[in-house]
Amino acid sequence: MEFRGASVYEDEEFFDNYMKRRTRPESPNNIIEKPILLELIGDVKGKRVLDLGCGDAEIGVELLQQDAVAYLGLEGSKNMSRVAEKNLEGTGGQVLQSSMEEWQPQAEQYDIVLSRFALHYLADLESVFKNVHRSLAVGGQFVFSVQHPVLTSTTKSAEASGRRADWIVDDYFNQGERAEPWIGKKVIKYHRTVEEYFRLLLAAGFIVEDLREGTPRAENFSTREEYERRLRIPLVLMMSCRKLG
């Protein structure tokens with residue numbers, strides 16, 4: 001069985017295993033992607049924030065603590081939405097259970113739109129980028145992370161077991177659907193080149209201000225061994241974009 005979008009999180013076994021992995025100290029989400037994300041976003045004081053594919057919404061709790069004026073997490077999974085709502089209790093933050101494909105925003109509703117490791121599940125990224133642009137106020141910022149295209153190009157390395165110190169790159173310019181083995185399930189993701197992400201952003205009306213590939217930072221790792229292992233394979237592609245008009 002293959003899972004699409006957020007449906008895999010409704011599988012209880014997968015969801016339990018995912019949450020254990022997601023909260024472990026050496027999770028790349030926490031020690032590689034998150035520090036860069038916060039750096040790219042910058043000061044959130046007084047800002048209205050939308051989080052596409054918000055997961056557990058822990059980042060929303062942090063942004064509200066940093067004086068963001070509003071936070072809405074959009075999440076397609078019922079299981080994940082429940083976790084997000086619990087984490088946001090007492091903060092003023094909200095969760096809307098909806099897929100990104102179904103989301104229809106009001107114009108100029110947010111100052112910051114972010115998305116973490118979610119957009120590579122979408123077949124139609126062009127429409128979502130256009131909706132993000134519409135939802136942002138003039139001068140608003142769009143910051144997102146996806147799995148690095150080196151990882152999504154082929155599933156050959158993902159199908160191997162054990163800790164990986166290298167990665168096979170194949171079919172890189174053959175963009176489209178991939179069925180990736182992940183935590184014991186087959187999950188559909190969409191491979192796009194760096195060039196394609198950039199092209200789609202320009203077509204939606206964005207200016208791309210920054211691009212990062214998740215360069216590991218030694219101070220965020222508990223061991224030298226893990227830091228050096230993470231220097232071998234790029235895990236994340238991140239872009240910071242701006243709506244100028």
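User: How many bridges join β6 to β10?
Analyst: 7 bridges join them, and the two strands run antiparallel. Strands here are DSSP runs of E with at least two residues, helices are runs of H or I with at least four, and both are numbered from the N terminus. Two strands pair if DSSP finds at least two bridges between them.

User: What is the bridge partner of F144 in β10?
Analyst: M239 is the partner of F144.

User: Before we go on, what kind of model is this?
Analyst: This is a predicted model: local features need pLDDT of at least 70, side-chain atom pairs count only at pLDDT 80 or more, and totals for chains, interfaces and linings use all residues. Residues are numbered from 1 along each chain as its sequence is written, and side-chain values use heavy atoms, with hydrogens and water left out.

User: Back to the sheet. What is the strand order in the open sheet of 7 strands?
Analyst: The order is β4-β3-β2-β5-β6-β10-β9, with mixed pairing. β4 (94-97) and β9 (207-212) are the edge strands, each pairing on one side only. From one strand to the next, the twist averages 15°. Angles run from 0 to 180 degrees between N-to-C directions, with axes as lines fitted to C-alpha atoms, for helices over the stretch in contact.

User: Which strands does α2 touch?
Analyst: α2 packs on the sheet and touches β5, β6, β9 and β10. Its direction makes about 10° with that of β10. Contact means heavy atoms within 4.5 Å.

User: Is β2 mostly covered or exposed?
Analyst: Mostly covered: 4 of the 5 residues in β2 (48-52) are buried. Buried means under 20% relative accessible area, exposed over 50%, and partly exposed in between, using a 1.4 Å probe and protein chains only.

User: How does β2 pair with β3?
Analyst: In the parallel sense, over 5 bridges, with β3 spanning residues 70-75. D51 stands opposite G73 in β3. The chain crosses from β2 through α3 to β3, and this β-α-β crossover is right-handed. That is, with the strands pointing away from the viewer, the path from the first strand over the helix to the second runs clockwise.

User: And β2 with β5?
Analyst: Parallel too, over 4 bridges. L52 stands opposite S115 in β5.

User: New topic: S145. Where is it found?
Analyst: S145 is in strand β6, residues 136-147.

User: Why does S145 count as buried?
Analyst: Because its relative accessibility is 0%.

User: What joins the side chains of S145 and E33?
Analyst: A polar contact of 2.8 Å. Such a contact is a pair of N or O atoms within 3.5 Å; within protein, one must be able to donate a hydrogen and the other to accept it, and residues adjacent in sequence count only if both atoms are side-chain atoms. Leaving aside neighbours within four places in sequence, S145 also contacts other residues, including F117, V236 and M238.

User: Which residues touch the most other members in the largest nonpolar core?
Analyst: I41, V49, L63, Y71 and L88, out of 30 residues. A nonpolar core is a set of buried Ala, Val, Leu, Ile, Met, Phe, Trp, Tyr and Cys residues joined through side-chain atoms within 4.5 Å. α2 gives the most to this core, with 6 residues. A second, separate core of 27 residues includes L136, F142, M239 and C241.
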